[in-house]
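This report goes through one protein model, from its overall make-up to single residues. Please keep the sequence and the structure at hand while reading.

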Amino acid sequence: NPDPDRTANPEIPDGAIVDFSEIQSELNYRQAKIALQDLVAGVDLTDLERSGLEQSIAGLTAMLEKLDQSVIHIAAFGMVGRGKSSLLNALLGRDAFRTGAIHGVTQTEQLADWDRLNPNLGATSGAHSIVNHVQLIDTPGIDEVEGEDRAALAQLIAERSDLLMFVVSGDMTQVEHRALSALRAVGKPIILVFNKIDQYPDTDRQSIYEKIRDDRVKTLLSPDEIVMASAAPLVPIATRQADGRLKVVMEAGPPQVDAVKLKILEILDREGKALVALNSMLYADEVSGQIVQRKLKIRDRAADRVIWNGVITKSLAVALNPVTVLDVVSSAAVDVAVILTLSKLYGIAMTEKGAVSLLKNIAIAMGGITASELLATLGLGTLKSLLGASAPVTGGLSLAPYLSVAVTQAGVAGVSTYGIGQVAKVYFANGASWGEAGPKAVVTRILDSLDETSILARIKEELRGRLRSGPKA
């Protein structure tokens with residue numbers, strides 16, 4: 001289908017290909033749109049996973065609407081009193097944004113259409129950069145919203161916008177420099193606007209401009225990204241009084257924002273649709289990463305619960321089972337069950353045979369911990385069996401040492417299951433892969449990070465609570 005903006009220009013026939021950059025720009029735009037559509041349609045989250053991501057997910061839908069309508073978002077940032085709202089009103093040619101002398105008139109973001117940026121935009125701009133319309137966004141002063149809320153709001157608006165304007169009205173403060181640095185890190189085109197130049201004599205104005213250009217933002221912006229403006233200049237008007245004397249009053253003069261408008265037109269002409277496509281994909285990539293991290297975090301918590309349930313189940317089975325051979329069998333069965341449950345949690349298809357094979361690989365790589373578990377099972381297990389069998393003869397006197405031996409043996413078995421579970425969790429979280437380093441390196445890293453003493457203490461504490469009444473004869 002022909003581009004409606006292109007067909008609006010009688011000098012460019014329907015379906016004409018202006019140059020290679022137009023082809024590439026249009027392909028990128030369509031690919032971004034398809035990718036974003038797929039991402040929005042593919043968001044499959046539980047209520048728990050969605051919690052905390054509502055704003056980001058809503059942003060994906062908003063980004064898709066931007067692509068559908070070919071909208072450019074231009075957001076203005078700056079400290080209170082720098083004239084952001086007045087600048088946007090001057091660009092619009094109407095009072096769409098609130099202004100005033102009170103501190104912090106703009107409390108939340110505001111948005112207005114700027115469809116008449118240039119009535120000849122379609123005829124003078126490259127066909128590949130044409131957008132249907134532009135929307136300007138006003139934001140609260142960077143010193144108005146406190147702390148984390150301010151930073152979060154600025155980050156959100158900047159991520160969703162295509163072009164950023166940072167407004168100052170004199171030499172920059174440290175607060176302004178930090179805020180500009182944060183916006184620069186977002187990776188969007190930025191225009192620094194030195195506003196209210198009417199308030200300075202020519203020499204002072206030039207001196208401030210050079211100070212900003214050569215010192216304050218030298219590492220952040222190029223000189224080409226700095227423009228001067230006077231959004232709401234005050235001009236002296238002389239009026240003759242009734243007594244014949246002249247009186248000079250300051251009245252609002254015509255705004256001087258042509259340099260800002262031309263700079264915006266230059267960027268739109270050069271980048272236009274590519275800005276929308278690129279920024280949409282950057283935001284989509286960020287949200288996609290948030291969704292993945294959220295899922296992994298929730299899965300990680302669920303996996304830890306699965307592992308700990310397996311630890312206690314195995315520890316109880318070992319502690320309560322007086323038969324040594326059954327200890328070994330039940331231990332392996334619990335480990336296999338933990339591995340199978342983890343595979344389902346991470347969406348990895350695995351049979352019982354596959355779980356047994358994975359358990360063998362982990363056991364071989366674990367080496368020392370499985371050897372100690374076997375020693376505890378065969379050594380302490382035999383002693384435990386004797387103590388348990390002698391309980392009726394000793395009138396229950398052997399139950400105290402039985403419980404101590406059982407808890408110790410069960411603790412060692414539980415630690416092994418904890419280690420096995422953590423290794424399996426990493427394996428499944430990595431897409432059923434050990435990575436380039438192989439299983440031995442993964443197992444070594446996991447085991448080195450485990451605090452066996454605290455895990456064993458936790459197991460014993462929980463077991464003693466459950467075994468307080470002792471085994472039944």
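## Basis

This is a predicted model, in which local features need pLDDT of at least 70 and side-chain atom pairs count only at pLDDT 80 or more, while totals for chains, interfaces and linings use all residues. Residues are numbered from 1 along each chain as its sequence is written, and side-chain values use heavy atoms, with hydrogens and water left out.

## Overall make-up

The protein has 17 helices and 8 strands; these are DSSP runs numbered from the N terminus, with helices being H or I of at least four residues and strands E of at least two. Of its 473 residues, 44% count as buried. Buried means under 20% relative accessible area, exposed means over 50%, and partly exposed is in between (1.4 Å probe, protein chains only).

The accessible surface is about 23900 Å², and carbon and sulfur atoms hold 55% of it. Accessible areas come from the Shrake-Rupley method with a 1.4 Å probe, and for residues only the protein chains shown count as cover. Among contacts (heavy atoms within 4.5 Å) with a separation of 6 or more, 75% are between residues 24 or more positions apart.

## Nonpolar cores

A nonpolar core is a set of buried Ala, Val, Leu, Ile, Met, Phe, Trp, Tyr and Cys residues joined through side-chain atoms within 4.5 Å. The largest one has 45 residues, of which L87, L91, M165 and I264 touch the most other members. Helix α11 (residues 272-320) contributes the most to this core, with 7 residues. Leaving aside residues up to four places away in sequence, L87 touches M165, V167, V193, A229, A231, V257 and V260. A second, separate core of 40 residues includes V311, I312, A410 and I455.

## An enclosed strand and an open one

Strand β3 (residues 133-138) is largely enclosed by the rest of the structure, because 6 of its 6 residues are buried. H133, Q135 and I137 point one way from β3, and V134, L136 and D138 point the other way. Two strands pair if DSSP finds at least two bridges between them. Strand β1 (residues 71-78) runs parallel to β3 with 6 bridges, and H73 stands opposite Q135. Strand β2 (residues 110-113) runs antiparallel to β3 with 4 bridges; here A112 has L136 as its bridge partner.

## Helix α17

Helix α17 (residues 452-466) has 15 residues and should span 21 Å at 1.5 Å a residue, which agrees with the 21 Å between its end C-alpha atoms. The expected span is 1.5 Å times one less than the number of residues.

The buried residues of α17 are I455, I459, K460 and L463. These cover an arc of only 130° around the axis, so they are on the same side of α17; the arc is that of the directions from the helix axis to the C-beta atoms. T453 and E461, on the other side, are exposed.

## Positive phi in two loops

Most residues other than glycine have a negative phi. K196, in the loop between β5 (190-194) and α9 (202-216), has a positive phi of about 65°. K196 is partly exposed, at a relative accessible area of 23%.

A432, in the loop between α15 (399-429) and α16 (439-449), has a positive phi near 60°. With 29% relative accessibility, A432 is also partly exposed.
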